[in-house]
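Take a look at the structure below. Then follow the text through it, one part at a time.

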Amino acid sequence: MEENIRKLRQWISESDNIVFFGGAGVSTESGIPDFRSVDGLYNQKWAYPPETILSHSFFERDPEEFYRFYHEKLVIHGAEPNAAHRKLAELEQAGKLKAILTQNIDGLHQAAGSKEVLELHGSTHRCYCASCYKPWPASYINDCKGVPRCTCGGVVRPDVVLYEESLDQDILSRSVKYISRADMLIIGGTSLAVYPAAGLIHYYQGHKLVLVNRGATPQDGNADLIVRGNIGQVFSQL
Ligand code: ZN
């Protein structure tokens with residue numbers, strides 16, 4: 001473990017074109033639960049799995065239940081960036097890191113000071129009317145009891161990619177561009193089991209592919225360096 005961290009530190013010091021790809025594990029150490037992790041509590045409290053409630057068709061069919069879930073599970077008050085967010089912002093500032101690609105929707109990278117953040121799944125910090133597309137502040141949704149309505153009568157929704165919805169093509173192609181040019185790709189806090197993460201890393205052409213994750217991933221065989229552990233703890237040692 002120590003040896004791997006030393007190697008990671010060395011590679012970072014040698015690189016000036018790092019790209020970071022992060023999943024839910026980057027946020028869990030800031031107290032944001034991975035809503036996909038199904039526990040007993042879920043089954044007691046919700047009639048459907050999160051993938052169903054957070055889908056496009058469910059949002060249209062039952063916005064009340066969607067927002068009951070959203071308000072309880074996705075509106076997180078007082079979450080702060082952790083050591084991983086802060087270190088990544090520092091690396092960008094130092095001109096070493098070019099972009100962060102994230103599957104998280106919590107805006108914590110920006111809160112830590114990062115500028116080039118590609119949010120593959122959108123952000124809960126932006127909202128808009130699903131009917132007329134008028135933008136609304138996130139606080140309008142967060143503070144609303146029940147279903148937030150636009151002045152036009154439409155339902156206001158978060159600017160996040162729901163299940164059944166496609167990813168933003170512009171963000172995807174920019175992500176591919178960053179990854180294909182990177183000399184070092186660090187992937188953290190994701191099991192790499194789901195699209196688009198699994199597909200995106202195939203665009204990487206370098207020889208410094210680093211996986212930082214607590215458990216094994218299907219991509220372990222392709223990695224040049226594997227660091228096992230919580231990403232905040234690992235980054236706090238860099
Ligand atoms: Zn509207």
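A residue is called buried if its relative accessible area is under 20%, exposed if it is over 50%, and partly exposed in between, using a 1.4 Å probe and protein chains only. Helices (H or I, at least four residues) and strands (E, at least two) are DSSP runs, numbered from the N terminus. This is a predicted model, in which local features need pLDDT of at least 70 and side-chain atom pairs count only at pLDDT 80 or more, while totals for chains, interfaces and linings use all residues. Residues are numbered from 1 along each chain as its sequence is written, and side-chain values use heavy atoms, with hydrogens and water left out.

Start with helix α10, residues 169-181. Its buried residues are Ile171, Leu172, Ser175 and Ile179. Where do they sit around the axis of α10? They fall within an arc of 100 degrees, so they line one face of the helix. The arc is that of the directions from the helix axis to the C-beta atoms. An α-helix has 3.6 residues a turn, so residues three or four places apart point the same way. The face of α10 turned away from the buried side carries the exposed residues Gln169 and Arg181.

Now check the length of α10. The expected span of a helix is 1.5 Å times one less than its number of residues. For the 13 residues of α10 that gives 18 Å, and the end C-alpha atoms are 18 Å apart, which agrees. Asp168 caps the N-terminal end of α10. One of its side-chain oxygens lies 2.8 Å from the backbone nitrogen of Asp170.

Helix α7 (residues 83-93) is mostly covered, with eight of its eleven residues buried. Among them are His85, Lys87 and Glu92. What do the buried residues of α7 pack against? Their partners are α1 (2-14), β1 (18-22), α2 (25-28), β2 (97-102), α8 and α12 (231-235). Contact means heavy atoms within 4.5 Å. At the start of α7, a side-chain oxygen of Asn82 reaches to within 2.8 Å of the backbone nitrogen of Ala84. After α7 comes Gly95, whose phi is positive, near 80 degrees.

Ser114 also touches this region. Leaving aside neighbours within four places in sequence, Ser114 is in contact with Leu88, Ala89, Glu92, Ile100 and His109. Ser114 is found in the loop between α8 (108-112) and β3 (117-119). At 4% relative accessibility, Ser114 counts as buried.

Next, find the zinc ion. Which atoms coordinate the zinc ion? They are the SG atoms of Cys129, Cys132, Cys150 and Cys152, at 2.2 to 2.4 Å. Donors are N, O and S atoms within 2.8 Å of the metal (3.2 Å for Na, K and Ca); water is not among the atoms, so sites may look incomplete. Along the chain, the donors of the zinc ion follow the spacing C-x2-C-x17-C-x1-C. Cys129 lies in strand β4 (residues 122-129) and Cys152 in the loop between α9 (138-143) and β6 (156-160), so the pair ties together parts that are 23 residues apart in sequence. Cys129 is buried at 0% relative accessible area, whereas Cys152 is partly exposed at 45%.

Finish at strand β7 (residues 184-188), which holds Ile187. At 1% relative accessibility, Ile187 counts as buried. Its contacts beyond four places in sequence include Phe21, Leu192 and Ile201. Leu192 lies in the loop between β7 and α11 (197-200). Leu192 also counts as buried, at 1% relative accessibility.

Conventions
Polar contact = N/O pair within 3.5 Å; in protein donor to acceptor, adjacent residues only side chain to side chain.
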